[in-house]
Amino acid sequence: MITEIMKVSWYSSITEHRFRIKKDLQENPSFKNYLHEVIFIAYADARKLAIKESKNAKLGVRKPDESEYPLDLPFTLEQLLDEDFYGDML
């Protein structure tokens, strides 16, 4: 039950941020020139944050080992911006 509640929250958060990015790209087309570079930096930061947050997991949530988080971005830019793509979260 808790895992399903967390997934709904994750989906909402991912969708919201995708909409923000798409809006920013529409309003500032020149951002597209920097998107690949920024995504790799953001992924490295997000990986660190996910590792820290997973160490504090509670309520029966499995705590992944740090080695389970890929060092390299495992998704394409197109996947990241695709409204219906959620990796293997489904």
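Buried residues make up 20% of the 90 residues in the chain. Buried means under 20% relative accessible area, exposed means over 50%, and partly exposed lies in between (1.4 Å probe, protein chains only). This is a predicted model: local features need pLDDT of at least 70, side-chain atom pairs count only at pLDDT 80 or more, and totals for chains, interfaces and linings use all residues. Residues are numbered from 1 along each chain as its sequence is written, and side-chain values use heavy atoms, with hydrogens and water left out.

**Confidence**

- The mean pLDDT of the chain is 87. This score is the predictor's confidence in each residue, from 0 to 100.
- A score of at least 70 is reached by 91% of the residues.
- Confidence is highest in H2, at a mean of 92, and lowest in H1, at 84.
- Where pLDDT is low, the predicted coordinates should not be read in detail.

**Overall layout**

- The chain has three helices and zero strands. Both are DSSP runs, numbered from the N terminus: helices are H or I with at least four residues, strands are E with at least two.
- Read from the N terminus, the order of elements is α-α-α.
- The C-alpha trace spans about 45 × 25 × 20 Å along its principal axes.
- Take the contacts between residues at least 6 apart in sequence: 63% of them join residues at least 24 apart. A contact means heavy atoms within 4.5 Å.

**The nonpolar core**

- Seven residues form the largest nonpolar core: Leu25, Leu35, Ile39, Tyr43, Leu73, Leu77 and Leu81. Such a core is a set of buried Ala, Val, Leu, Ile, Met, Phe, Trp, Tyr and Cys residues joined through side-chain atoms within 4.5 Å.
- Helix H2 (35–55) and helix H3 (77–81) each supply at least two residues of this core.
- H2 gives the largest share, three residues.
- Ile39 is in contact with Leu73, Leu77 and Leu80, leaving aside neighbours within four places in sequence.

**Arg47: a buried charge**

- Arg47 sits in helix H2.
- Arg47 is buried, yet has no salt bridge. That bond needs a side-chain nitrogen of Lys or Arg within 4 Å of a carboxyl oxygen of Asp or Glu.
- The nearest side chain of opposite charge is Glu66, 4.5 Å away. Lys and Arg count as positive, Asp and Glu as negative; His and the chain ends are not counted.
- Not counting residues up to four places away in sequence, Arg47 touches Glu66, Tyr69, Pro70 and Leu71.

- Ser12 lies in helix H1 (residues 2–27). Its relative accessibility is 45%, so Ser12 counts as partly exposed.
- Ser54 belongs to helix H2. Ser54 is buried because its relative accessible area is 10%.
- The C-alpha atoms of Ser12 and Ser54 are separated by 19 Å, and the two residues are 42 apart along the chain.
- The side chain of Ser54 reaches the backbone oxygen of Ile51 at 2.8 Å.
- Beyond residues up to four places away in sequence, Ser54 touches Lys63, Pro64 and Tyr69.

**Pro64 in the loop**

- Pro64 is found in the loop between H2 and H3.
- With a relative accessible area of 24%, Pro64 is partly exposed.
- Ser54 and Tyr69 are in contact with Pro64, leaving aside its neighbours within four places in sequence.
- Pro64 and Ala50 are 14 residues apart along the chain, with their C-alpha atoms separated by 9.8 Å.

Conventions:
Polar contact = N/O pair within 3.5 Å; in protein donor to acceptor, adjacent residues only side chain to side chain.
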